[in-house]
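Dear colleague,

I am handing over the structure we spoke about, and below it you will find notes on what was found. Please read them with the model open beside you.

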Amino acid sequence: MGEGDPHIHVEVKVVRSQAAVRTVLAATFGLAGDLPSTVATGCGLRVPYAMTSPRPDRVTCLACREHARAEHLRLADEIERIGGLPGSPVAAAEARQAAARHRALAERFSSGAGG
Ligand SMILES: [Zn+2]
């Protein structure tokens with residue numbers, strides 16, 4: 001099988017593609033402008049880009065929800081760390097706000113499974 005998979009996944013790089021903190025990410029990782037036609041997912045598949053979403057209300061693949069939750073939490077920590085550095089591309093207050101957004105998203109990815 002594998003054809004007709006009804007699940008919506010998250011891209012494995014979910015937090016980078018979404019980029020609530022694009023400036024931080026561009027400065028830190030570099031950010032590609034092109035959207036690929038297929039992408040790696042958080043659960044290890046490769047699916048059309050259209051079968052992925054960064055939105056917690058749309059992602060139905062449980063493994064991907066878990067991946068997204070972990071990634072958002074990890075990135076929130078990372079953003080706060082970067083925001084606290086001298087010479088950081090973002091102000092500390094801005095970094096805190098961005099981190100809070102990612103933590104809120106992580107929470108939304110953790111709920112909704114079974115409930
Ligand atoms: Zn998945």
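Predicted model: local features only at pLDDT ≥ 70, side-chain atom pairs only at ≥ 80, totals over all residues.

Residues are numbered from 1 along each chain as its sequence is written.

By that naming the protein has 4 helices and 2 strands, and read along the sequence they follow the pattern α-α-β-β-α-α. A residue is called buried if 20 or more other C-beta atoms lie within 10 Å of its own, exposed if 12 or fewer do, and partly exposed in between, with C-beta atoms placed from the backbone. On this count, 34% of the 115 residues are buried. Two residues are in contact if their C-beta atoms, again placed from the backbone, lie within 7 Å; among contacts with a separation of 6 or more, 63% join residues 24 or more positions apart.

T38 is found in strand β1 and is partly exposed, because 13 other C-beta atoms lie within 10 Å. Leaving aside neighbours within four places in sequence, T38 is in contact with R46, V47, P48 and Y49, and its C-alpha atom is separated by 8.3 Å from that of A50, 12 residues apart along the chain. G44 is found in the loop between β1 (38-40) and β2, and G44 counts as exposed because it has 11 C-beta neighbours inside 10 Å. The C-alpha atoms of G44 and V12 are separated by 7.9 Å, although these residues are 32 apart along the chain.

C61 lies in the loop between β2 (46-48) and α3, and it counts as buried because it has 22 C-beta neighbours inside 10 Å. Not counting residues up to four places away in sequence, C61 touches H7, I8, H9 and C43.

C61 also belongs to the largest nonpolar core, whose 9 residues are V10, V14, V59, C61, C64, A68, L105, A106 and F109. Such a core is a set of buried Ala, Val, Leu, Ile, Met, Phe, Trp, Tyr and Cys residues joined through C-beta atoms within 7 Å. Both α3 (62-83) and α4 (92-110) supply at least two residues of this core, and the largest share, 3 residues, comes from α4. Apart from it lies another core, of 7 residues, among them L75, A76, A95 and A99.

How do α3 and α4 pack, in terms of angle and axis distance? Their angle is about 170°, with the axes 8 Å apart, where axes are lines fitted to C-alpha atoms, for helices over the stretch in contact, and angles run from 0 to 180 degrees between N-to-C directions. That makes α3 roughly antiparallel to α4, a description used for angles over 145 degrees, with those under 35 counted as roughly parallel, 65 to 115 as roughly perpendicular and the rest as oblique. Residues of α3 that meet α4 include A68, H72, L75 and I79, while those on the α4 side include A95, A99, H102 and L105. Not counting residues up to four places away in sequence, L105 touches P56 and H72.

With best wishes
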